[in-house]
Amino acid sequence: MAESIYLDFNATAPIRREVIDAMVAVMAAGGNPSSVHHKGRTARNRMEDARRQLAALIHCKPPEIIFTSGGTEANNFALGAFPDRRLIVSAQEHDSVLAPASPRAPQLLPVGENGLVDLDILESWLAGTAAPALVSVMYANNETGVIQSIAAIAAMAHAHGALLHCDAIQAVGKIVVDFAGLKVDMMSVSAHKFGGPQGAGALVVREGLVINAAVTGGGQELGRRAGTENVAGIVGFGVAAALAEKELEPYADVIRLRQMMEARLLDISPESRVYGQQAERLPNTCTVSMPGVPADLQVMSLDLAGIAVSAGSACSSGKVKASHVLKAMGAGDDEAGTAIRVSLGPTTTVEEIEAFIESWGQLYQRKSPRFAA
């Protein structure tokens, strides 16, 4: 196998060395943050420092942060916190929103070919009944990178007495995310998308909004999530947040790499499609089709060439099926089944992108029906 090239940052970003060092120190020190002795107080102080670091990155107040086991728990927490509200969720949400929403028969908000939610339909649904709603729309899509107009959606929801939950898991650490400025009610975040540890996340709940506890049996997280906190993971989360706050600038370089890559791929295969290309997207994310060549074959072939990419969401690995995100944007099963996701990071180099383009082009010439004898 060739030297490894990692282009799957949306699945998980490589953990930062500084994060590992901080977590090792915490694990070596020990201590339960609910204990009142020195070790307990030290653990508590480290955890609260991390809360402040994350708050600074996403522009919220530290007490608004509830630490969780990850983004999936945060999404489940948000949707389950208001069981009596009707649900409106966008059709391209992550499965960690769609699955807990499903038993409550949510209204699925359609998106256009550009991946943006239909605000006129949302307005009509909110105005159509006085029943209070909980709306869930992700900030940036994990497959296409398409960025939604969250502030406008929040204003529309609040005008009709609805609450807005925003899955910002892919956005945080890649673009500026301003919880206070967006005026959302709840926001999900995950550490491992920007160099923190896996298994650490947060649900941010605006001050004054009372929610049902996710787990009971203890007073942790101001009574909103019982259980001894993952102090090492939370501290690693905080270190990653502090580093990310200082390092958003490199993503300006990433977008230039992505744009070069997309232009070259479309030169090789003009019939390919880059999804969400007409909308504002995350600087690092590209989902591109290779007509006639199944996505799983592309992923395996590129892996043999030492290049890691994915087909859709990493949480759907092992399930070879057409992406519901791309189908919501109007792609048929056959077309959606030929798309891969390439997600860059601040450490991605021009040489790595050149190697990917070369391998992708060679595969296209070998396997595309266009070149069949």
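**Exercise 1. Which residues does Leu54 touch, not counting residues up to four places away in sequence?**

Solution. 
- Apply the contact rule: heavy atoms within 4.5 Å.
- Leu54 then touches Ile65, Phe67, Val189, Ala202, Phe237 and Ala241.

The model is predicted: local features need pLDDT of at least 70, side-chain atom pairs count only at pLDDT 80 or more, and totals for chains, interfaces and linings use all residues. Residues are numbered from 1 along each chain as its sequence is written, and side-chain values use heavy atoms, with hydrogens and water left out.

**Exercise 2. Find the residues with the most contacts inside the largest nonpolar core.**

Solution. 
- Take buried Ala, Val, Leu, Ile, Met, Phe, Trp, Tyr and Cys residues, joined through side-chain atoms within 4.5 Å.
- Buried means under 20% relative accessible area; exposed is over 50%, and partly exposed lies in between (1.4 Å probe, protein chains only).
- The largest core has 67 residues. Leu54 and Tyr139 have the most contacts inside it.
- Helix α8 (residues 231–246) gives the most to this core, 10 residues. Helices (H or I, at least four residues) and strands (E, at least two) are DSSP runs, numbered from the N terminus.
- A second core is separate and has 25 residues, among them Ala295, Leu302, Phe356 and Trp360.

**Exercise 3. Is Asp185 buried or exposed, and what is its salt-bridge partner?**

Solution. 
- Asp185 has 0% relative accessibility, so it counts as buried.
- Its partner is Arg206, with the closest N and O atoms 2.4 Å apart.
- Asp185 is in the loop between α7 (179–182) and β7 (186–190), and Arg206 is in the loop between β8 and α8, 21 residues apart.
- Arg206 is partly exposed, at 31%.

**Exercise 4. Which residues do salt bridges with shared partners join into one network?**

Solution. 
- Follow the shared partners. They join Arg44, Glu48, Arg51, Glu221 and Glu229.

Note on methods: Salt bridge = Lys/Arg side-chain N within 4 Å of Asp/Glu carboxyl O.
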